[in-house]
Amino acid sequence: MTMVTVVEVLSLLLVSVLWGCTNPFLKRGTEGIENVAHANKVSQLLAEVKFLLLNVKYLVPFLLNQCGCLVYYYTLSTTGSQQQSPRFSDRPAELRDLPLTSTSGLEISWAEVQGLG
């Protein structure tokens, strides 16, 4: 069993604060983008990108949110792979053996989903 360091916990806490606090500001910063209208799809896309890049109410929270991404990826790169995600084989057999049923009725196993079956 690996121990989690204080730095890793603080890094993930910083990530959660940056992501959680910026989301409402990102939504507020996009207000008015629905009023941007252009004739074709390309000019519409460019006009929307211009609207967002020139909008300080959007740009500042966006950059802070992206800083959260950088801290998150740095934290993942410095922690052991055991802490990043649970392995499939660590799941109880009852969960590993349950079939998955798609909306079309096709049943597949978890092993097939992961390319093991």
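## Helices and the place of Ser 16

A helix here is a DSSP run of H or I that spans at least four residues, and helices are numbered from the N terminus. In this predicted model, Ser 16 lies in helix 1, the element that covers residues 6-29. With a relative accessibility of 41%, Ser 16 counts as partly exposed, because that class takes in the values between under 20%, which is buried, and over 50%, which is exposed.

## The chain as a whole

The protein chain has 6 helices and 2 strands, and when these elements are read along the sequence they follow the pattern α-α-α-α-α-β-β-α. Of the 117 residues in the protein chain, 18% are buried. The accessible surface of the chain comes to about 9,100 Å², and carbon and sulfur atoms account for 66% of that surface.

Contacts give another view of how the chain is arranged: among those between residues at least 6 apart in sequence, 53% join residues that are at least 24 apart.

## Confidence in the model

The mean pLDDT of the protein chain is 80, and 66% of the residues reach 70 or more. Among the elements of the chain, helix 2 has the highest mean pLDDT, at 94, whereas helix 4, which covers residues 81-84, has the lowest, at 50. Where pLDDT is low, the predicted coordinates should not be read in detail.

## A nonpolar patch

Val 6, Leu 10, Leu 13 and Val 17 together make a nonpolar surface patch of about 380 Å². One of these residues, Val 6, has its place in helix 1, and Val 6 counts as exposed because its relative accessibility of 61% is over the 50% cut-off.

## Aromatic pairs

A search of the whole structure finds 3 aromatic pairs. One of them is formed by Trp 19 and Tyr 72, whose rings lie 5.3 Å apart from centre to centre with 50° between their planes, an arrangement that counts as tilted. This pair links distant parts of the chain, for Trp 19 is in helix 1 and Tyr 72 is in helix 3, which covers residues 56-78, and the two residues are 53 residues apart. Both partners are partly exposed, Trp 19 with a relative accessible area of 29% and Tyr 72 with a relative accessibility of 27%.

Tyr 72 also forms an aromatic pair with Tyr 73, and here the arrangement is edge-to-face, with 5.6 Å from centre to centre and 70° between the planes. Tyr 73 is exposed, because its relative accessible area of 56% is over 50%. Taken together, Trp 19, Tyr 72 and Tyr 73 form one aromatic cluster.

## Gln 44 in helix 2

Gln 44 has its place in helix 2, which covers residues 41-53, and that helix is the element with the highest mean pLDDT in the chain. Gln 44 is buried, because its relative accessible area of 17% is under the 20% cut-off. When the neighbours within four places in sequence are left aside, Gln 44 is in contact with Val 36, Ala 37 and His 38.

Key: Residues numbered from 1 in each chain as written. Predicted model: local features only at pLDDT ≥ 70, side-chain atom pairs only at ≥ 80, totals over all residues. Heavy atoms only, no water. Patch = residues over 30% accessible without salt bridge, like charges linked within 9 Å, V, L, I, M, F, W, Y side chains within 5 Å. Areas by Shrake-Rupley, 256 points an atom, 1.4 Å probe, with all protein chains shown as cover. Salt bridge = Lys/Arg side-chain N within 4 Å of Asp/Glu carboxyl O. Buried < 20%, exposed > 50% of the residue type's maximum accessible area, 1.4 Å probe, protein only. Phe/Tyr/Trp six-rings, centres within 6.5 Å; stacked < 30°, edge-to-face > 60°. Contact = heavy atoms within 4.5 Å. pLDDT = per-residue confidence, 0-100.
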